[in-house]
Amino acid sequence: MSVEGEVPPPEVKHYNSRDDVPQDIQKYWAQRYNIFSKYDDGVWLTDDAWFGVTPEPVATKIADHVAAARSLKKCIMIDAFAGVGGNAIAFARSNKWKRVYAIEKDPAVLQCAKHNAKIYGVEDKITWFEGDCFETIRLYLKDLGPYSVIFASPPWGGELTEESHPLRTYALHWR
Ligand SMILES: C[S@@+](CC[C@H](N)C(=O)[O-])C[C@H]1O[C@@H](n2cnc3c(N)ncnc32)[C@H](O)[C@@H]1O
């Protein structure tokens, strides 16, 4: 299923050939169908997402494991670092959650996730938030704590200082 009529922001791309891909990430081109099996349906990625996204088979396996390990009252999934949607889409496709909430602070990356969720037919199963996950959870999702699992796939590469590390304030005080 392709999504007709959606125009990506400038930093978002759907490359159609290896030659279009910037040289520093060309090595990921061969993995495109592992990243998203529906890549050819018009999947959107930012250039950073090529190495930040959770590949589809891994995301599916994680979704299976998390669903199997949770207690029954935990029926809400919160993907705190949604990226371009690799994990959020897999959680939604698993049909194991009453609702998936997905938070992403970068607006262009979030647009990719929403677009990709449409390609996979699960956009109606996910509620999206643009912003900082700690702030978003504190302001809007805190009451869901007893019913929720928080999944975190934070940035793992680049120059992470103590100050910039996304887990620096991991103090949500949930039960
Ligand atoms: C490793 S990627 C997540 C990839 C995602 N699991 C996927 O499969 O597409 C980490 C994402 O976290 C986002 N991010 C970093 N800090 C954040 C924060 N404080 N709140 C929300 N999102 C954040 C980044 O913009 C980036 O898109």
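Modeller: A residue is buried if 20 or more other C-beta atoms lie within 10 Å of its own, exposed if 12 or fewer, and partly exposed in between, with C-beta atoms placed from the backbone. This is a predicted model, in which local features need pLDDT of at least 70, side-chain atom pairs count only at pLDDT 80 or more, and totals for chains, interfaces and linings use all residues. Residues are numbered from 1 along each chain as its sequence is written.

Biologist: What makes β4 mostly covered?

Modeller: Five of the six residues of β4 are buried. The strand itself is a DSSP run (E, at least two residues; helices are H or I, at least four), numbered from the N terminus.

Biologist: How do you know that β3 and β4 pair?

Modeller: Two strands pair if DSSP finds at least two bridges between them. Strand β3 (residues 76-79) and β4 have four bridges, in the parallel sense, so they meet the definition of a pair. Methionine 77 has valine 100 of β4 as its bridge partner, and aspartate 79 stands opposite alanine 102 in β4.

Biologist: Why are β5 and β6 said to stand at the edges?

Modeller: The four strands form an open sheet in the order β5-β4-β3-β6, with parallel pairing. β5 (126-130) and β6 (148-151) each have a single partner strand, so one side of each lacks a neighbour in the sheet. From one strand to the next, the twist averages 20°.

Biologist: Which strands does α5 touch where it packs on the sheet?

Modeller: α5 touches β4 and β5, and its direction makes about 170° with that of β5. Angles run from 0 to 180 degrees between N-to-C directions, and axes are lines fitted to C-alpha atoms, for helices over the stretch in contact. Helix α6 (residues 133-141) lies across β3, β4 and β5, at about 140° to β4.

Biologist: What describes two packed helices?

Modeller: The angle between their axes and the distance between the axes. For α4 and helix α5 (residues 107-119), the axes come within 9 Å and cross at roughly 30°. The contact is made by Ala88, Ile89 and Ala92 of α4 and Ala113, Asn116 and Ala117 of α5. Residues are in contact if their C-beta atoms, placed from the backbone, lie within 7 Å.

Biologist: Which residues are closest to the ligand?

Modeller: Phe81, Gly83, Gly86, Cys133 and Ser153 are the closest of the 22 residues that surround the ligand. A residue counts as near a molecule if its C-beta atom, placed from the backbone, lies within 6 Å of it. α4 (86-94) and β4 (99-104) each supply at least two residues of this shell.

Technical notes. Two residues are in contact if their C-beta atoms, placed from the backbone, lie within 7 Å.
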